[in-house]
Amino acid sequence: MTDAPDGRPRPTDQWRQRGVRGLAVVRDVSVRGWRWWARSWDRLVAALQDEAPVGSGADPSPSGPLVEQRDAPRLITVPARGYVYSFHVRATFAWSSPASLRSEVLSWYVQYFQPHAIQRLTRLAADAARDLPPHRAGDLEVALQQALAEDPEWTYRRGEITVTCRPDAAVRLDDRIMPALQPHVDRMVKLEYQFDEQMRRARYAEELSRRWVALLGDDADDQEVADARNHLLSTQREAARWITELLHSHNEHPDPVNAPPQRRPTAS
């Protein structure tokens with residue numbers, strides 16, 4: 001390569017040098033860009049496979065399947081017998097998957113399948129409430145818990161992903177029926193307290209008489225002691241009879257709130 005008479009490179013040589021430098025810069029940029037793209041591609045593949053990206057700052061993966069607890073957005077309302085009053089069911093679902101899903105992926109499937117789970121629980125509650133009076137919220141809750149215990153885990157599938165949920169339900173009364181039930185509930189609370197108090201006194205009297213009978217038995221030869229002992233024995237038998245009658249009366253007059261409805265006799 002020869003220079004011009006003034007010592008500067010010829011124009012063709014200048015363009016050749018600039019081209020070589022440009023190619024070197026493009027090569028370096030391409031190598032750095034390819035390395036960045038390779039790292040980004042690896043992170044993207046790991047994210048699609050629901051695996052945390054490998055690195056010094058990556059959190060340790062939790063042990064066991066991920067579980068997401070989700071409440072129904074509103075109370076489930078089902079009609080009671082007569083279709084005048086209703087029961088209100090508060091539903092909770094515990095979602096999980098046998099696959100190792102990330103939390104945001106599991107949340108997406110929960111959002112997709114929870115309406116189906118709510119609809120299924122609504123059908124169960126409606127079937128159980130159809131023949132129950134509107135004040136039997138406790139009976140409806142027991143019936144629902146028994147139905148859920150027979151089939152505790154519901155499975156849903158989309159593509160190759162399977163998620164499961166464990167539903168739970170609690171039942172509350174219709175607010176409109178509470179004023180009608182309040183006097184009966186207050187009366188039953190008072191009667192239960194009186195019954196417990198009478199039973200406590202009866203048991204105490206029976207135990208006391210039994211101890212006196214045992215003490216007087218040592219001096220049974222004295223006529224006065226023997227008369228006192230016989231009197232205590234008769235009192236003890238009377239107390240036992242009274243306790244039996246009290247229990248029988250309590251069993252014959254159950255809680256009117258939870259008593260089964262009485263059928264009206266048909267006219268002959």
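This is a predicted model: local features need pLDDT of at least 70, side-chain atom pairs count only at pLDDT 80 or more; totals for chains, interfaces and linings use all residues.
Residues are numbered from 1 along each chain as its sequence is written, and side-chain values use heavy atoms, with hydrogens and water left out.

**Exercise 1.** Work out how many helices and strands the chain has.

Start with what gets counted: helices (H or I, at least four residues) and strands (E, at least two) are DSSP runs, numbered from the N terminus. Now count: five helices and five strands. Last, read along the sequence to get the order α-β-β-β-α-α-β-β-α-α.

**Exercise 2.** Find out whether S86 is buried or exposed.

Next, take the cut-offs: buried means under 20% relative accessible area, exposed over 50%, partly exposed in between (1.4 Å probe, protein chains only). S86 has 14% relative accessibility, so it counts as buried. Finally, look at its contacts (heavy atoms within 4.5 Å): leaving out residues up to four places away in sequence, S86 touches T77, V78, P79, A80, L173, D174 and R176.

**Exercise 3.** Say where helix α2 bends, and what covers its buried residues.

Begin with the bend, the angle between axes fitted to the seven residues ending at a residue and the seven starting there. α2 bends by about 40° at F113, with the proline P115 following within four residues. F113 is also among the buried residues of α2, which include L106, Y109 and V110. Their cover includes β1, β2, β3, α3, β4 and β5.
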